[in-house]
Amino acid sequence: MSTDSASNEQLRVETRLVGAGRSDPRVVSAPVYHVSTVLFRDYDELRAREATARSGRELYYGRMGTPTTQALEDAVCALDGAVGAVLTPSGVASITDILSAFLVPGDELLMVDSVYGPTRNFCIGPLAARGVTTTFYDPMVGAGIESLFTPNTRLVFLESPGSGSFEVQDVPAITAAARRHCLLTAIDNTWATPLLFNPLDFGVDLAMQSGTKYLNGHADCLFGVTTTRDPELLKKLRLYTLGTGSHLAPDDAMLGLRGMRSLSARLPVHDRSAREVATWLERQPRLRRLLHPAWPSCPGHEFFQRDFKGATGLFGMILEVGDEAGLARFVDALDLFGIGFSWGGFESLCLPMSPKRAVRSLDLAEDEALLRLHIGLEHTGDLIADLEQALQAI
Ligand SMILES: *Cc1c(COP(=O)(O)O)cnc(C)c1O
């Protein structure tokens, strides 16, 4: 299989994911280039390659890209039809690079209020110190976003579903409004991956994902990636990221690429199992509310049904725990669910959201707690039995 056939738009995405980024037709997996210094044959080659060095598409210096990172970029582009991808060492780095590359002092950023915590912290911290103001908007604002635009508004940032609270945004309504006013849009699409929701098809200019989650899928590396269909935006973001000195290390690029090969096989299992567990949870007396985009109780469920091809394994629940000690008894009684950050790996996780990090749109009663579950690839019968005994322990 040649690289060309792997990136062929005629092929279905599952097929493209298997072959995308194969630069050496003799081996199935991308060779891992551990490279800082690149050697040039002669003076003329050194000068000639200077011209294309910043594209990251030719070996010039290790920090600027290798065939290993190029293979991962190509695989991500095969997934969402982008013209190019910019890799970073973490999802947070992709977010902060977008916000830093496209906003200058005096600009105003419209940031969704249900955004991932570290993104919020970057806005109210370093970005504010640089003279960029952030206005947080209601995730359910839809076309009403237009009334928030000011002469200084430059960029609208979306995250759908919202972190912790899972509101699904009306992405096409927001991107249409932004386009009418020549504003840039960017999205954190980590939850769905482009396999289930492709932001570039819905008019978003810059789509980032934490590859740490489902793309890698094995909880053994961190990376972030941003894609676009606009060559000018790609060039500007790549220059910015190169300028900060960040790059993705070769072994992590290989792990990301290896994870992506099985993405289309893993996601349906996460989806099916999460729905099974959520359906069971819904019948438990202690469950006060399910926060799963596929359930009508989730704000924006209609946009999930309209725009998404499926769900993944991460959802929230509000449990009646009595008090913090009850919450602790539930969490500590869990045996199969690990307690930990991140998600998207093969394993199930449970994260009690601390009251301090409480999601702004959710008003919790005194006896309630918000927890986030990631449903991994274990058998759902075992997971449900684990949850059942933990609920009893409360
Ligand atoms: C985990 C996560 C990130 C950050 O990714 P890292 O790779 O851990 O930096 C960003 N956005 C969302 C929605 C996430 O869940």
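How many helices and strands does the secondary structure of the protein come to? The tally is 14 helices and 12 strands, taken as DSSP runs numbered from the N terminus (helices are H or I with at least four residues, strands are E with at least two). Keep in mind that this is a predicted model, where local features need pLDDT of at least 70, side-chain atom pairs count only at pLDDT 80 or more, and totals for chains, interfaces and linings use all residues. Residues are numbered from 1 along each chain as its sequence is written, and side-chain values use heavy atoms, with hydrogens and water left out.

**Overall build**

- Along the principal axes, the C-alpha atoms fill a box of roughly 75 × 50 × 35 Å.
- Of the 394 residues, 55% count as buried (under 20% relative accessible area, with a 1.4 Å probe and protein chains only).
- Looking at contacts (heavy atoms within 4.5 Å) with a separation of 6 or more, 72% come from residues 24 or more positions apart.

**The five-stranded sheet**

- Here's an open sheet with mixed pairing, in the order β8-β9-β12-β11-β10; two strands pair if DSSP finds at least two bridges between them.
- β8 (287-291) and β10 (338-339) sit at the edges with a single partner strand each, so one side of each has no neighbour in the sheet.

**Strand β9 and its partners**

- β9 (residues 314-320) runs antiparallel to β12 (residues 368-374), and seven bridges join the two.
- On the β12 side, Gly316 stands opposite Arg372, while Glu320 faces Glu368.
- β9 also pairs with β8, again in the antiparallel sense, over four bridges.
- Gly316 turns up here too, as the bridge partner of Leu291.
- β9 is mostly covered, with six of its seven residues buried.

**Helices on the sheet**

Angles below run from 0 to 180 degrees between N-to-C directions, using lines fitted to C-alpha atoms, for helices over the stretch in contact.

- Helix α11 (residues 263-282) packs on the sheet and touches β8, β9 and β12, its direction making about 15° with that of β9.
- Helix α13 (residues 324-333) packs on the sheet as well, touching β9, β10, β11 (349-352) and β12, and its direction makes about 20° with that of β12.

Notes
Buried means under 20% relative accessible area, exposed over 50%, partly exposed in between (1.4 Å probe, protein chains only).
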